Amino acid sequence: MKEDSGPAAGPAIAVEGLHKSYGDVHAVNGVSFTVERGEFFGVLGPNGAGKTTLIEIMEGLRSADSGSVSVLGRSPWPRDTSLLPRIGVQTQASAFFVRLTAAEHLETVAALYGRDRKRARETLELVGLTDKAKTLVDDLSGGQKQRLAIASALTHEPELIFLDEPTAALDPQARRNLWEMLREIRTEGRTIVCTTHHMEEAESLCDRVAFVRAGEVIALDTPASLVRGLNAPTRVLIPTAQLTPEQAKGLEGADEVATEGLSTVITTRAVGRVLAAVGGLTELQDVQTRTATLEDVYLELTGTEYQA
Ligand SMILES: Nc1ncnc2c1ncn2[C@@H]1O[C@H](COP(=O)(O)OP(=O)(O)OP(=O)(O)O)[C@@H](O)[C@H]1O
């Protein structure tokens, strides 16, 4: 299933001047970008930004009003059935075959793609649901259903995988297991396009991310470049019981001093000098340093309070 997957075959996705409106709402308003083969690409932005509309156009589930989309070298609209075995789709409202167990559901999905039971079992194992093989789909928890939905998108080993908030209902352990699994899939050379509201997740997994706001891509780069571009200061947190704000204000390199809960917080662009000075006054093992993250980029770009 990996035909046309060499570098010579062009990008996995190329979107150019895409527009889509629902009445007066410009859900996608002039979007252009390219996703390279083998890339893990994140689409980020607040609720209603246009992410799902954009992804559904790439998946061939919606038509665009204007602009062009190429997916694995083909146009997904009008519906191109030759693309279906080559892409895997997990949506926020995945459907299951009712009255089947988790294993039976996946075996059915696998059979639809001409894959065998062994592959269905492998995929169940991949998402950590082997011990739920005999559980009815209806009796799975929300997070387990979500893992089954992801497995359904992976059974046929597609070249390109679309994931819409894949870890939304997962507990922290399941989320980290899924990250590991997605990293593994990526090393197999598959392309992954993923939306998420978890900035830590995007920072940890994505090669590049596109921030979408009001239907437009307002930033697109690697998470590290976006964070660097903020040029944000470092925050040093020390228990106030060990260093009071008054003591902190006198320290070399401290730009600003505040208190947060039980901590004195020093904002600085000379973290080495501040730590050296703090080390002379208190135990450094109780000191935490915080540098900017993709969440800070989100707040800067969208100008909104982040809500997971
Ligand atoms: N079928 C539809 N009919 C009318 N308006 C729609 C439809 N689907 C989406 N919209 C509107 O288009 C805009 C973009 O919606 P979209 O679902 O693409 O955003 P999103 O970024 O995926 O949001 P979320 O993070 O909440 O999933 C919103 O204003 C939404 O209300």
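Leaving aside its neighbours within four places in sequence, with which residues is Ser 75 in contact?

1. Overall description. The structure is a predicted model. The protein chain has 308 residues, of which 36% are buried. Its C-alpha atoms occupy a box of roughly 70 × 45 × 40 Å along the principal axes. Ten helices and 13 strands are present in the protein chain. Of the contacts between residues at least 6 apart in sequence, 65% connect residues at least 24 apart.

2. Domains. The domain assignment divides the protein chain into domain 1, residues 7-228, and domain 2, residues 233-291. A distance of 42 Å separates the C-alpha centres of domain 1 and domain 2.

3. Ser 75. The residue belongs to the loop between strand E4 (66-71) and E5. Once neighbours within four places in sequence are set aside, the contacts of Ser 75 are Val 69, Ser 70 and Asp 80. Ser 75 has 13 other C-beta atoms within 10 Å and is therefore classed as partly exposed; the class of exposed residues ends at 12 or fewer, and burial requires 20 or more. Ser 75 and Arg 147 are 72 residues apart in sequence, and their C-alpha atoms are 29 Å apart in space.

4. The six-stranded sheet. This open sheet has the strand order E5-E6-E7-E3-E8-E9, with mixed pairing. Strand E5 (87-90) and strand E9 (216-221) are the edge strands, each pairing on one side only. From one strand to the next, the twist averages 15 degrees. E5 runs parallel to strand E6 (residues 160-164), and four bridges join the two. Within this pair, Gln 90 stands opposite Leu 163 in E6. Helix H4 (residues 142-154) packs on the sheet, where it touches E5 and E6; the direction of H4 makes about 165 degrees with that of E5.

5. Strand E3. Why is strand E3 described as largely enclosed by the rest of the structure? Five of the five residues of E3 (residues 40-44) are buried, so the strand is largely enclosed. In a regular strand the side chains alternate between the two faces of the sheet. In E3, one side carries Phe 40, Gly 42 and Leu 44 and the other carries Phe 41 and Val 43; both faces are covered, and these residues are all buried.

6. Partners of E3. Four bridges pair E3 with strand E7 (residues 191-195) in the parallel sense. E3 is also parallel to strand E8 (residues 208-213), again through four bridges. Phe 41 has a bridge partner in each of these strands: Val 193 in E7 and Arg 208 in E8.

7. The three-stranded sheet. A further open sheet has three strands in the order E2-E1-E4, and its pairing is antiparallel. E2 and E4 stand at the edges with a single partner strand each, so one side of each has no neighbour in the sheet. The twist here averages 25 degrees from one strand to the next. Strand E1 (residues 13-22) and E4 run antiparallel and are joined by five bridges. Ile 13 has Val 71 of E4 as its bridge partner.

8. Surroundings of the ligand. Which residues surround the ligand? They are Tyr 22, Val 25, Ala 27, Gly 45, Asn 47, Gly 48, Ala 49, Gly 50, Lys 51, Thr 52 and Thr 53. By class, this shell comprises four nonpolar, six polar and one charged residues. Strand E2 (25-35) and helix H1 (51-59) each contribute at least two residues to the shell. The most comes from H1, with three residues.

9. Helix H2. The buried residues of helix H2 (residues 102-112) are Ala 102, His 105, Leu 106, Glu 107, Val 109 and Ala 110. An α-helix has 3.6 residues a turn, so residues three or four places apart point the same way. The cover over the buried residues of H2 includes helix H3 (117-126) and H4. H2 is followed by Gly 114, which has a positive phi, near 75 degrees.

Note on methods
Residues numbered from 1 in each chain as written. Predicted model: local features only at pLDDT ≥ 70, side-chain atom pairs only at ≥ 80, totals over all residues. Pairing = 2+ DSSP bridges. Domains from an automatic or database assignment. Near = placed C-beta within 6 Å. Nonpolar A, V, L, I, M, F, W, Y, C, P; charged D, E, K, R; others polar. Axes fitted to C-alpha atoms, helices over the stretch in contact; angles between N-to-C directions. Contact = placed C-beta atoms within 7 Å.
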